[in-house]
Amino acid sequence: MANEEDDPVVQEIDVYLAKSLAEKLYLFQYPVRPASMTYDDIPHLSAKIKPKQQKVELEMAIDTLNPNYCRSKGEQIALNVDGACADESSTYSSKLMDKQTFCSSQSTSNTARYAAALYRQGELHLTPLHGILQLRPSFSYLDKADAKHREREAANEAGDSSQDEAEEDVKQITVRFSRPESEQARQRRVQSYEFLQKKHAEEPWVHLHYYGLRDSRSEHERQYLLCQGSSGVENTELVKSPSEYLMMLMPPSPEEEKDKPVAPSNVLSMAQLRTLPLADQIKILMKNVKVMPFANLMSLLGPSIDSVAVLRGIQKVAMLVQGNWVVKSDILYPKDSSSPHSGVPAEVLCRGRDFVMWKFTQSRWVVRKEVAAVTKLCTEDVKDFLEHMAVVRINKGWEFILPYDGEFIRKHPDVVQRQHMLWTGIQAKLEKVYNLVKENLPKKSDGQSGPAALLSGDQRVQVAKSKAQQNHALLERELQRRKEQLRAPAVLPGVRIKEEPVSEEGEDEEDREAEEDEEPMDTSLGGGLHNRLANGLPSGRAAGGDSFNGHPPPGCASAPVAQELRAFVEATFQRQFVLTLSELKRLFNLHLASLPPGHTLFSGISDRMLQDTVLAAGCKQILVPFPPQTAASPDEQKVFALWESGDMSDQHRQVLLEIFSKNYRVRRNMIQSRLTQECGEDLSKQEVDKVLKDCCVSCGGMWYLKGTVQS
């Protein structure tokens, strides 16, 4: 407060934003001159500009009558430049260096922070600058003097040789034809310094008329530096809230333009990419990546991009193959290009690559020799096609590089149908060109091959149930064997949850999952009790057929047991939002160990009862798509999560769980993008960190649901 009192506000000035010259106003920075002399006092003989390059040349007169001017030096320079004979093309027609040229260069490429200010009648008027140019003396006349000197020397040598000129012998010459320029060679040539200099030199000069400071036209144009009208229509950009004004002053991620080395042609800058139109962004991304799922494309473009607009744009530059997008052949091979390996024109290359793409719509596997036999292209060209969209497998062939994207197929049936019609037309064209036999072609109803050896969670459950029914007799025998074991008198030590039974030889993972759903869970008392309990019941009763292992038939569970079990489940999931069945059983085992003997929970709890209680407590099972080669047990693959806890993070957690119902592991940027898309852009980093901490663990830069990561 003391500092504010010492520095009071002495005047408040209204600020106006003038836009009349916003796209036309340039600031010229001249070399330093004596304070007594201004550049407006020097006659400007001519001015010209190259608008695209923002390059300006000004020609100004030199005061040859000034006592500081060296006349002999000026005459010598004019003689060196123009020679002894002066004509209309001479640089210095007066045979004296009486003018000087100033050439501009950009002092900064980012002029968004600079403006010209004009203070008048207690008002400050600001006009944004379109460019800032530094003017420096140009010494191009020295190059002309050197050129004249070389011409004179060449003329003298030619005169000497003409005196002894003799008839020259006839010489044999060799004619060579240049090879067709490849696409890579053309790109290198276009990016070369000589080519850029040539393009700059080809831009024509636009001649300007210079008006002095006191000219009436200058005074008229200077009025445009004032905000037109008093209604304040032009000043809407200055009417900002404090938070918006602070954001303008200190943006979250300012991108300062600095002198950076030119990146290689195959390196893509995401910062520069986002400045382009959406169609160009999609085209550049697909041309660089070649094959991409739609979800990855959306994450690269950013959460603010409309998915409908992206769908329209992607169909112009890519084709749908197994639910993924593959860049079109004519994007990679433009019309006038050719193969760098064989010189084959682009039309033939596009046709051969379309055949490879079409083969992948029919199957996940393609054999290179078959493609080469049909397309009649060289091995290098066919290998380039396959490397764009497949990976080689030893003794198998080439497999499509990405898994089948069934989610996109289900969400966008209209796009799939449109792509199917396009592939039907391409197939007809390929049949005609390559003489394909229709009887030998694979038939697909939707134009997209289904996933090979990839099953969703629902499909795996259906397969498990089907196989469990087929092996019903085997399961009955196993069940009978366990009953006989339980009839034998024994006191089970400690409190434990029964482990997974050892399956018969030949029984696969799905059989074990179906069997586990029916397997009870032991909760036996220790050696202090000699009443021969089995899961809390006398062994004789446990051996009965009506209540095996203390698990009564459905609908017969006692209310106290159900209440106690639900209380444990709810308390556990309030502390840990995500648990696998294996971890839940372990925690239940520890809970039982802390209870006194004879507690109601010792009446017998099966896996099915535990899972039903979890689902009834507001939790949901998350069908995490574990990889096929996972070492996780069936209990570890059953993941349950609290769906609604009543706090503010429920929506965030539900979006996160939906992501993991389709992905085994996910990167943080994808989670951040999806949460922002579903919950709004005002989501803070602390909220994202909280939901990740509640439900996930990080390993190797990837995020997994708790309990699912494999070491």
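**Figure 1. Contacts of Asp405 in the predicted model.** Apart from neighbours within four places in sequence, Asp405 is in contact with Pro293, Phe294, Gln322, Gly323 and Asn324. The model shown here and in the other views is a predicted one. Asp405 sits in the loop that joins β15 (397-400) to α16 (406-411), and it counts as buried, because its relative accessibility is 15% and the cut-off for burial is under 20%. Phe294, one of the residues that Asp405 contacts, is 111 residues away along the chain, yet the C-alpha atoms of Asp405 and Phe294 are separated by 8.9 Å.

**Figure 2. The crossing of helices α9 and α11.** The axes of α9 and helix α11 (residues 307-317) come within 9 Å and cross at roughly 50°, so the two helices are oblique to each other. The crossing in which α9 passes α11 is right-handed. On the α9 side the contact is made by Leu278, Ile282, Lys283 and Met286, and on the α11 side by Ala309, Val310, Gly313, Ile314 and Val317. By class, the residues of this contact are 7 nonpolar, 1 polar and 1 charged. An α-helix has 3.6 residues a turn, so residues three or four places apart point the same way.

**Figure 3. The packing of helices α13 and α17.** Helix α13 (residues 346-362) packs with helix α17 (residues 413-434) at an angle of about 120°, their axes being 10 Å apart, and this angle makes α13 oblique to α17. The crossing of α13 and α17 is left-handed. From α13, the residues Arg351, Gly352, Asp354, Phe355, Met357, Trp358 and Thr361 meet Trp423, Ile426, Gln427, Leu430, Val433 and Tyr434 of α17. The residues in the contact of α13 with α17 comprise 8 nonpolar, 3 polar and 2 charged.

**Figure 4. Helix α27 and the elements packed against it.** Helix α27 (residues 668-679) has 12 residues, which at 1.5 Å a residue should span 16 Å, and the 16 Å between its end C-alpha atoms agrees with that expectation. Ile671, Ser673, Leu675, Thr676 and Cys679 are the buried residues of α27, and these pack against α10 (294-301), α26 (650-660), α28 (685-695) and β24 (702-705). After α27 comes Gly680, whose phi is positive, near 105°.

**Figure 5. The whole chain, for orientation.** The chain holds 28 helices and 24 strands, and of its 711 residues, 35% are buried. Among the contacts in the chain with a separation of 6 or more, 68% are between residues 24 or more positions apart.

Terms used: Residues are numbered from 1 along each chain as its sequence is written. This is a predicted model: local features need pLDDT of at least 70, side-chain atom pairs count only at pLDDT 80 or more; totals for chains, interfaces and linings use all residues. Side-chain values use heavy atoms; hydrogens and water are left out. Helices (H or I, at least four residues) and strands (E, at least two) are DSSP runs, numbered from the N terminus. The expected span of a helix is 1.5 Å times one less than its number of residues. Buried means under 20% relative accessible area, exposed over 50%, partly exposed in between (1.4 Å probe, protein chains only). Contact means heavy atoms within 4.5 Å. Axes are lines fitted to C-alpha atoms, for helices over the stretch in contact, and angles run from 0 to 180 degrees between N-to-C directions. Angles under 35 degrees count as roughly parallel, over 145 as roughly antiparallel, 65 to 115 as roughly perpendicular and the rest as oblique. A crossing is left-handed if the near helix is turned anticlockwise from the far one by less than a right angle, and right-handed if clockwise. Ala, Val, Leu, Ile, Met, Phe, Trp, Tyr, Cys and Pro count as nonpolar, Asp, Glu, Lys and Arg as charged, and the others, Gly among them, as polar.
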